[in-house]
Amino acid sequence: MIRLRKNVSAASYAGRIAANVTSVSDHFEGLARSLLSNMDGDGGSVVGKAVGVASLESRAGASTIAAHLAAAAAADGRDQIALVDAHLARPSVSSRFRQARSAGFAEWLEGVIEMEDCLICVAPQNLSVIGAGLKPRVRGVFQEETLGPILGRLRGRFDLTVFDLPPADGPTAADGLSRMLDGILLVIEAERVRRETAVRTVRKLREQGVHILGAVLNKRPDHIPDWLYRRI
Ligand SMILES: Nc1ncnc2c1ncn2[C@@H]1O[C@H](COP(=O)(O)OP(=O)(O)OP(=O)(O)O)[C@@H](O)[C@H]1O
Ligand SMILES: [Mg+2]
């Protein structure tokens, strides 16, 4: 499990991450490399990976972590990375990357535009984002028959696609999409979610066929000094 402390700036990323949070950028880079690694070399997959980031409860930091992960994966310039805003009810990718809202994932799901119409290249050059769209419908949009071809396009074009997902336990949870991904990363806000709730949600997701890659314990407050924390 990755633990991220409360003082990580949401806007900072890879090269811009301040020196005092280097260990956090290391975590993201390590995670990105491990996600990308089994696509390289002998026997590696010829199609790109697709993973999701979902919080257990709203505002835990899923969008922040998804953006950092995508940016860290793109940082060395070798791989083509996409970040897709699949939290249609509360989008954030476009504004985070300072893009005006335009037709995006919702319209692609509806079949009125194609991938090329909603891909936006941001910095670094090998990172593309797809915003949530203009007027997204939030229910009943993640149908397998629609998602299959969409995931196929993304996997064919990108080495890694990161989906910024709605909360896994909420009314707009993207169960259908999560099931079709290679896995999801759960973001849990420290001292907010009860252990039993987390265990129950993980069990439910697994029963639904969602592969859980791991969890990020986000916004952990510093009750004890860092040097001591590392020893326990
Ligand atoms: N490690 C962190 N330290 C400090 N603030 C954080 C951290 N992670 C996220 N935040 C802040 O918490 C707020 C919620 O973050 P974010 O939008 O990423 O959460 P979310 O789970 O995607 O929320 P939503 O349910 O709206 O999709 C933002 O203001 C963000 O800047
Ligand atoms: Mg979000």
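Modeller: A residue is called buried if 20 or more other C-beta atoms lie within 10 Å of its own, exposed if 12 or fewer, and partly exposed in between, with C-beta atoms placed from the backbone. This is a predicted model, in which local features need pLDDT of at least 70 and side-chain atom pairs count only at pLDDT 80 or more, while totals for chains, interfaces and linings use all residues. Residues are numbered from 1 along each chain as its sequence is written, and chains are lettered from A and ligands numbered from 1 in the order in which they are written.

Biologist: What makes a helix or a strand here, and how many are in the protein chain?

Modeller: Both are DSSP runs numbered from the N terminus: helices are H or I with at least four residues, strands are E with at least two. The protein chain has nine helices and eight strands. Of its 232 residues, 41% are buried.

Biologist: Why is Arg-98 called exposed?

Modeller: Arg-98 has 7 C-beta neighbours inside 10 Å, so it counts as exposed. Arg-98 sits in the loop between α3 (93–96) and α4 (105–110). Its phi is positive, near 55 degrees, although Arg-98 is not a glycine.

Biologist: Why does Glu-191 count as exposed?

Modeller: Glu-191 has 10 C-beta neighbours inside 10 Å and therefore counts as exposed. Glu-191 is in the loop between β7 (183–189) and α8, and its phi is near 60 degrees, again a positive value in a residue other than glycine.

Biologist: What is the span of α8, and what is expected?

Modeller: The expected span is 1.5 Å times one less than the number of residues. Helix α8 (residues 195–207) has 13 residues and reaches 18 Å from first C-alpha to last, close to the expected 18 Å. After α8 comes Gly-209, with a positive phi near 90 degrees.

Biologist: Which residues of β3 are buried on each side?

Modeller: On one side Ile-81, Leu-83 and Asp-85 are buried, and on the other Ala-82 and Val-84, which covers both faces of β3. In a regular strand the side chains alternate between the two faces of the sheet. In strand β3 (residues 81–85), five of five residues are buried.

Biologist: How do you know that β3 is paired, and with which strands?

Modeller: Two strands pair if DSSP finds at least two bridges between them. β3 and β5 have four bridges and run parallel, with Ile-81 bridged to Leu-127 and Leu-83 opposite Val-129. β3 also runs parallel to strand β6 (residues 160–164), over five bridges; there Asp-85 has Asp-164 as its partner.

Biologist: How are β4 and β5 joined?

Modeller: Three bridges join β4 to β5, and the two run antiparallel. They form a hairpin with four residues between them. Pro-124 lies in that loop, between β4 (120–122) and β5 (127–130), and a cis peptide bond with omega about -5 degrees joins Ala-123 to Pro-124.

Biologist: What makes a nonpolar core, and which residues touch the most other members?

Modeller: A nonpolar core is a set of buried Ala, Val, Leu, Ile, Met, Phe, Trp, Tyr and Cys residues joined through C-beta atoms within 7 Å. In the largest, with 60 residues, Val-53, Leu-69, Ala-70 and Val-187 touch the most other members. Helix α2 (residues 62–74) gives the most to this core, ten residues.
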